[in-house]
Each structure stands twice: as structure tokens, then as C-alpha cells.
Amino acid sequence: MENIDNEIEKKSIDPRLDNAGWANVLVQALPYFRHWVGKVVVVKYGGNAMLNEDLKHDVMEDIVLLNTIGIHVVLVHGGGPEINHMLDRVGKESKFINGLRYTDAETMEIVQMVLTGKLNKDIVGILLQQGGKAVGLSGVDSGLLRAKKISKDGTDLGFVGEVTEVHPEIIQSLLAQNFIPVVSTVALGEDGDDARYNINADTAAAKIAIALKAEKFIQLTNVPGVLKDVNDPSSLIQRIHIQDVDSLIKDGIIAGGMIPKIECCMLARNGGVPRTHIIDGRVPHSLLIEMFSDRGIGTMIY
């Protein structure tokens with residue numbers, strides 16, 4: 001008990017909330033606790049929340065809390081900036097074609113080393129330090145993800161693939177034992193193809209959410225969500241009906257890098273995931289705000 005008290009004292013408590021205020025926060029959160037216990041939530045983790053050490057620990061703390069109360073969290077991560085850093089260290093130029101990383105055999109080795117080695121195990125280590133039970137996986141493990149080679153407008157991208165099959169049994173087994181699966185997005189080729197493929201983490205996370213029949217799919221990003229005015233954070237659109245997406249793209253409100261993120265939300269929603277969200281990973285404990293309050297955070301595609 002003393003250790004728990006010491007941990008609580010380390011947290012910064014908002015002095016503006018008295019005991020009644022704190023009790024009210026917990027009471028308001030209780031219906032959300034009841035709703036989410038036993039449900040699967042897939043979180044795609046990237047952006048500044050992955051680069052900033054303080055934010056990284058906040059995210060992991062949130063995930064451990066969710067797991068502790070009985071919510072089954074699957075964490076899927078990318079790692080583009082870290083891959084770029086490693087390529088720079090070995091003197092290899094990062095090459096992109098229409099926004100996709102050209103991945104030759106040497107680059108694929110580095111991608112696999114960074115994603116499935118360093119980053120994946122770093123994340124697992126932090127979750128363990130926070131008191132969670134976590135296991136690192138890649139799409140190769142137990143044949144979790146299968147992919148086929150793709151090209152962009154007829155241009156060869158090397159070992160870049162798109163997910164064609166998800167075999168979620170290994171994740172389901174870990175969730176049944178109350179582990180937090182941490183998935184890096186390197187995939188095996190389809191039957192007869194023993195290559196490894198670099199795949200888009202957002203799309204992979206959406207397809208994993210579909211295969212697990214997840215209740216919620218959340219993308220942690222480095223923007224507030226979909227904005228009517230990209231220069232005005234207060235212009236956040238909190239809810240977008242899936243039927244309105246095309247018109248928002250046509251009007252230029254959904255543009256640039258937000259388009260593929262919205263497309264992943266639509267993919268998950270059309271695949272049977274009831275709730276899909278894009279939230280700001282730069283906001284401390286944004287996952288808890290989204291999960292346990294009526295305020296929510298970011299943009300929901302419904």
C-alpha cells in the first residue's frame with residue numbers, strides 16, 4: 001500500500017479540484033468503464049506522441065490503465081522518422097515515390113531491424129515499466145499479416161506491400177491472457193512468396209481491427225483531427241458521417257495527409273468496426289479523454 005501511495009504522490013494533482021470534484025469525474029467515467037470492459041480497442045500509434053518521450057510515457061500509461069480495468073488494447077505502431085534516422089546513420093538516402101518509401105532489399109533489412117527490433121522492444125519495455133503485461137509481435141509472427149507487392153502508378157516501389165490477409169489468432173490468444181500485443185507492421189509475402197514487406201501502419205491497423213471485430217479503432221496523430229481551417233485548431237470537426245467524406249474531400253477540407261487517415265477510418269468502419277477516431281497524440285492522456293468522457297477528442301467517423 002505504501003508503494004501505491006508513493007506512486008500517487010508523484011502524480012501532479014490539479015489543486016482546483018476538491019474531493020467532490022474528483023468524485024464527480026470518476027462517477028461520470030463509470031458508465032464508460034462498464035461499456036468498454038471486455039471490448040477490443042485497436043490503437044495505431046505514431047506521430048509526435050511517438051517521438052516525444054513525455055508523451056510516449058503518457059500513452060503507455062493510458063494503455064496500461066485500459067488493460068488493467070479489462071479493456072483489450074492492441075497497439076499497432078509505425079516508425080518512419082526512426083527509419084529515416086537509421087538510414088542517415090548508415091549513409092543511405094531515404095527515397096520516396098508519391099509519398100511512399102522506396103524499399104530496396106537493404107532498406108527492407110533496416111526497416112525490419114528498426115520496427116521489429118528497436119522500436120517494438122522499446123515500447124514493450126515502457127509498458128512493462130508501467131506495470132503492464134506486453135508482448136511484442138511483427139506481422140511475420142505466426143503469419144499474422146500477409147501482403148502482396150504493390151506499385152504506384154506503374155512505378156516499382158521495391159519491397160512495399162499491401163495487406164491481403166490477417167490471421168489474428170496469435171493476438172486473440174494474447175488478449176485472452178490479458179497481454180497487450182504490440183504489433184510492428186512488417187508482413188510476410190503471400191503463399192509461395194517468402195519476402196518481407198514494408199506496409200502502411202495505418203492500413204494494417206485498420207485491417208487488424210476488422211479481423212479482431214474491434215469495438216473501436218483510434219489513430220493517434222500529430223494534428224487535432226479534421227479542421228475546417230487548417231490554421232485554426234478551434235475549427236475541429238468532431239463528427240463526420242461516412243457519407244459526407246467525399247464532399248469534404250472535394251471541398252478541400254479533408255486534404256493532404258489527412259486523406260489516407262480518413263480512408264483507413266472508412267475501411268475499418270465499412271469492415272464492421274462501430275467507432276473510428278483520429279485524435280491528437282500531442283495532448284497528454286488523449287486516449288483516456290476519448291475513452292472515458294463525453295467531451296471526446298479529435299474527429300470521429302461514424
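This is a predicted model: local features need pLDDT of at least 70, side-chain atom pairs count only at pLDDT 80 or more; totals for chains, interfaces and linings use all residues.
According to the UniProt annotation, which comes from an unreviewed entry, the feature "binding site" covers Gly79, Gly80, Arg101 and Asn198. Although these residues span 120 residues in sequence, no two of their C-alpha atoms are more than 12.1 Å apart, so they gather at one spot. Gly80 lies in helix 5, which comprises residues 80-89, whereas Asn198 belongs to strand 10, which comprises residues 196-199. Their accessibility was also computed: Gly80 has a relative accessibility of 28% and therefore counts as partly exposed, while Asn198, with a relative accessible area of 12%, is buried, because the limit for that class is under 20%. When neighbours within four places in sequence are left aside, Asn198 is in contact with Arg101, Thr103, Met108, Val111, Phe159, Val160, Gly161 and Thr185.

For strand 5, the pairing is with strand 8 (residues 180-184), to which strand 5 runs parallel and is joined by five bridges. One of the residues involved is Ser138, whose bridge partner in strand 8 is Ser184.

A further residue examined here is Glu215, which is found in the loop between helix 8 (201-211) and strand 11 (216-221). Despite its place in a loop, Glu215 counts as buried, because its relative accessibility of 17% falls under the 20% limit. Glu215 and Val37 are 178 residues apart along the chain, and their C-alpha atoms are separated by 11 Å. Not counting residues up to four places away in sequence, Glu215 touches His35, Trp36, Lys39 and Val40, and also Val273, Pro274 and Arg275. With Arg275, the contact includes a polar one, in which the side chain of Glu215 and the side chain of Arg275 come to 2.9 Å.

Definitions and conventions. Residues are numbered from 1 along each chain as its sequence is written. Side-chain values use heavy atoms; hydrogens and water are left out. UniProt positions are given in the numbering used here, feature names are shortened, and annotations may be inferred rather than shown by experiment. Helices (H or I, at least four residues) and strands (E, at least two) are DSSP runs, numbered from the N terminus. Buried means under 20% relative accessible area, exposed over 50%, partly exposed in between (1.4 Å probe, protein chains only). Contact means heavy atoms within 4.5 Å. Two strands pair if DSSP finds at least two bridges between them. A polar contact is a pair of N or O atoms within 3.5 Å; within protein, one must be able to donate a hydrogen and the other to accept it, and residues adjacent in sequence count only if both atoms are side-chain atoms.
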